[in-house]
Amino acid sequence: MSFAVSMQNISKRFGMVQALDNVSFEVQAGTIHALVGENGAGKTTLIRALYGAMMPDDGSILIGGKTVKFRNSADAIGHRIGMVSQHYGIIGELTNLENLVLGSEGSAILNKVAMQARATELATSMGFEFDWDAESSTLGPAGGQKLEILKLLWRDSQIMILDEPTAMLSPQDSEALFVSLKQLAEKGATVIVVTHRVAEVFQHCKRVTVLRGGIKIADHNVDDVTPNQLAEEIVGGAVMERPQPVSSSKSSVRLKIDQLSVRGEKGDMAVRNLNLEVKMGQLVGIAGVDGNGQRELFHALIGVTRPISGTFSFDGSQWDSESSRTRITEGLRIIPEDRHEEGIIEDWSLLDSAALGLQRLPAFKNLSKGTKKQAPSMAEMFDTKFGRLSDEIASLSGGNQQRFVAGRALSLDAQLILAFQPARGLDLNSTTKVYNEIRRVCQAGACAIVVSFDLDELLDFCDRIVVMAHGELYEPQTEVARDRAAIGRLMVGAG
Amino acid sequence: MNSFLLQVVTMSAPLLLLAMAGYASERSGVINIGLEGKMLTACFVCAAFAPQFGAIGGVVMAILAGIVISMLHWTLTQVYRIDHIVSGMAINLLASGGTGFLEASGFAKNTLTEAQRLPLWFYYAVALLAPFLLFWAANHTRFGLQHKSVGSDPSKARLLGINPQRIRLLALTLTGVFSGLAGSLLVSETSTFTKDMTAGRGYIALAALILGGWRPIPAALSCLLFGLATAVQIQLSGKPMFGMQIPSEIWKMLPYIVTLLALAGLLGRNRTPAGLGKH
């Protein structure tokens with residue numbers, strides 16, 4: 001059998017960490033191949049080697065049966081390999097058309113008319129639509145992902161690598177993405193999808209390779225393996241039991257949101273007359289497609305945005321007229337949506353990061369003592385892997401940064417936890433751990449609101465699910481409170 | 001009126017060329033606070049070499065000097081990854097001290113004759129065309145697009161097969177050319193080199209660049225605004241106003257106050273290249 005990609009005995013070491021140990025990875029042409037594993041299993045390192053973004057210490061790479069040596073990504077692109085990285089390669093300051101052609105412009109002088117014609121043609125072939133002259137910063141996650149796919153087509157990539165492509169997409173958009181990928185595979189493209197969502201593997205992929213701790217564990221035809229078996233191979237043992245959601249508690253109301261309206265970035269009404277009460281001990285999940293006001297609601301509760309009308313209070317304290325500082329002192333904790341933008345400062349050490357946002361709490365009265373005491377336990381809560389506490393937080397992998405940020409939010413006397421996609425970039429057991437910990441803090445008397453675009457995750461972990469659509473909040477009827485289809489209908493505004 | 005217009009042009013053209021030098025560098029992500037030093041060196045080199053090599057030779061040498069110093073900046077910031085501000089300040093101090101010392105030792109003493117200077121209209125023509133040319137290049141050429149992209153996000157550009165270091169090398173070469181021209185123009189206007197003759201133009205050019213949102217045409221217009229304010233100052237300085245004798249020092253502040261007000265008031269949307277100073 002000929003392989004489109006064959007990586008043989010790849011090894012790579014970063015300092016003390018053996019990221020890849022003698023890993024071989026083969027992909028048949030024209031298939032969708034899943035690469036799965038926990039964080040730190042070596043998935044990203046392996047595909048970075050394939051994309052020329054990193055040189056392996058040892059091993060060889062064959063493309064279409066020929067040995068190649070990639071010194072940089074330009075070499076890999078030359079072999080018609082394309083990659084969509086986890087954080088997207090789209091530059092917000094450029095227009096959609098400029099992003100599409102960047103790095104593969106064809107000629108020294110750009111023929112914009114011809115470019116736009118071909119761009120539109122490619123978009124139409126995939127059923128996409130773009131305003132080519134608009135700045136890409138206006139694209140949402142789904143739009144960004146579509147533009148990334150078009151970039152691969154623009155470069156005529158035959159081998160397409162997608163790193164966690166659905167991490168930020170709604171169920172519908174994820175579905176649409178895989179429809180596109182199947183379409184491409186049928187035309188002969190080879191697609192490698194890095195994912196931690198086992199369901200995606202079974203619904204959409206033909207083969208699957210499992211990595212764990214830098215070692216290849218297994219290679220399967222997807223039809224020959226069960227989801228449980230695969231999950232156990234990924235985790236390296238039993239999959240953690242997921243907690244049973246508890247029924248809505250009858251305790252006192254802590255957070256009360258009354259007729260809240262918030263404007264979005266573009267001046268539109270992002271949140272409309274929203275009412276919500278969260279009781280002590282409750283873990284409320286907000287389901288909904290990205291961009292339906294979840295972000296603006298959180299920003300208003302945190303104090304980043306001023307609401308245009310309405311009030312909200314926590315334990316009777318009128319938070320809408322209090323500073324963020326007071327809210328934090330009274331127990332507001334955040335696991336933000338975009339940890340790069342809102343959760344961490346990349347070149348801060350883990351020690352300093354421990355106090356970021358919480359610097360006025362008594363625990364950090366003496367900053368250096370406080371951080372030395374708190375940082376290790378914050379890191380430990382979710383087994384953040386790091387070198388030294390004095391290392392830059394940027395030196396951690398994305399998943400480990402997320403673990404640290406989650407640990408920080410749940411460490412110090414949290415009373416109201418706002419978590420936006422807390423499982424982003426986390427694997428099965430880490431996700432379970434984070435939710436377990438949120439639940440534990442809630443049982444001790446706090447309450448939490450979680451926004452996720454992954455409905456299954458919310459169904460698995462939350463006590464109560466509400467839906468946000470077009471800035472309004474809907475609560476499913478009690479008899480269908482946990483009915484996937486009913487909630488899904490509310491999400492698209494067809495309740 | 002004609003002489004007033006000429007004064008505006010005289011005051012703005014060197015700034016404009018220098019602002020274009022700054023544009024080439026900063027839009028590619030390299031902070032360039034060393035424009036002052038680059039221009040000063042170019043002034044000195046032009047004044048020192050034009051008597052021997054003629055008008056064209058002098059300008060060519062000035063451009064080469066601009067490029068050499070830009071390459072120094074590139075090496076320090078892109079190869080050794082020294083802080084861009086530190087490297088720029090070092091260049092400014094080096095240029096001021098170095099040219100001052102050489103001038104005191106008897107170099108570049110001659111007053112340039114007509115034949116040793118390129119006609120001013122040549123510079124003015126370049127200054128008029130350059131912003132449009134750069135604007136066109138930014139939007140219609142491969143280099144322009146890649147130039148913008150490395151200024152916005154060098155690591156993403158790298159993943160698309162672009163080599164940010166290489167693009168910045170070319171960008172800084174362009175910076176060298178424009179600062180060389182700016183320096184020779186200034187010397188052509190005054191005919192002699194004097195110590196620290198650039199008198200802060202590097203910083204004003206940078207302010208114009210910021211005011212123009214790192215876009216060539218608005219940056220050029222900002223330079224014209226400054227030139228206008230300077231010309232007004234020259235016209236009105238020493239004349240009584242409202243029956244009062246306003247000290248010339250107050251008038252001399254005018255262009256700077258205009259710049260300051262413009263920077264404070266007109267900066268709407270933040271257009272700072274996101275990759276400025278990043279690798």
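Mentor: The second largest pocket holds about 640 Å³ of space. This is a predicted model, in which local features need pLDDT of at least 70 and side-chain atom pairs count only at pLDDT 80 or more, while totals for chains, interfaces and linings use all residues. Residues are numbered from 1 along each chain as its sequence is written, chains are lettered from A and ligands numbered from 1 in the order in which they are written, and side-chain values use heavy atoms, with hydrogens and water left out.

A pocket is an open set of points on a 1 Å grid over the protein atoms alone, where a 1.4 Å probe fits and protein lies on both sides within 12 Å along at least five of seven lines; lining residues have an atom within 4 Å of a point. The volume is the space filled by probe spheres set on the points, which are joined across faces, edges and corners.

The lining of the second largest pocket has 31 residues, and Arg197(A), Ala199(A), Asp454(A), Asp456(A) and Glu457(A) lie nearest the centre. By class, eleven of the lining residues are nonpolar, nine polar and eleven charged. Here Ala, Val, Leu, Ile, Met, Phe, Trp, Tyr, Cys and Pro count as nonpolar, Asp, Glu, Lys and Arg as charged, and the others, Gly among them, as polar. In chain A, at least two lining residues each come from helix 6 (171-186), helix 7 (198-204), helix 15 (428-443) and helix 16 (455-461). Helix 7 of chain A gives the largest share, five residues. Helices (H or I, at least four residues) and strands (E, at least two) are DSSP runs, numbered from the N terminus.

Now the salt bridges. The structure holds 19 of them over all chains, each being a side-chain nitrogen of Lys or Arg within 4 Å of a carboxyl oxygen of Asp or Glu. One of them joins Asp57(A) and Lys12(A), at 3.6 Å from N to O. These two residues are 45 apart and link distant parts of the chain: Lys12(A) is in strand 1 (residues 3-14) of chain A, and Asp57(A) is in the loop between helix 1 (43-50) and strand 4 (58-63). Lys12(A) counts as buried, at 12% relative accessibility; buried means under 20% relative accessible area, exposed over 50%, and partly exposed in between (1.4 Å probe, protein chains only).

Another salt bridge is formed by the side chains of Glu93(A) and Arg27(B), at 3.1 Å from N to O. This pair joins two chains, because Glu93(A) lies in the loop between strand 6 (81-84) and helix 3 (96-101) of chain A, and Arg27(B) in the loop between helix 1 (2-26) and helix 2 of chain B. Glu93(A) is partly exposed at 27%, whereas Arg27(B) is buried at 9%.

Within chain B, Lys195(B) and Asp196(B) form a salt bridge whose closest N and O atoms are 3.5 Å apart. Lys195(B) is partly exposed, with a relative accessible area of 45%, and Asp196(B) is partly exposed too, at 34%.

Last, two backbone angles. Most residues other than glycine have a negative phi. Asn9(A) is not a glycine, yet has a positive phi of about 50°. Asn9(A) sits in strand 1 of chain A and is partly exposed at 38%. His470(A) also has a positive phi of about 50°. His470(A) lies in the loop between strand 18 (464-469) and strand 19 (472-474) of chain A, and is exposed at 57%.
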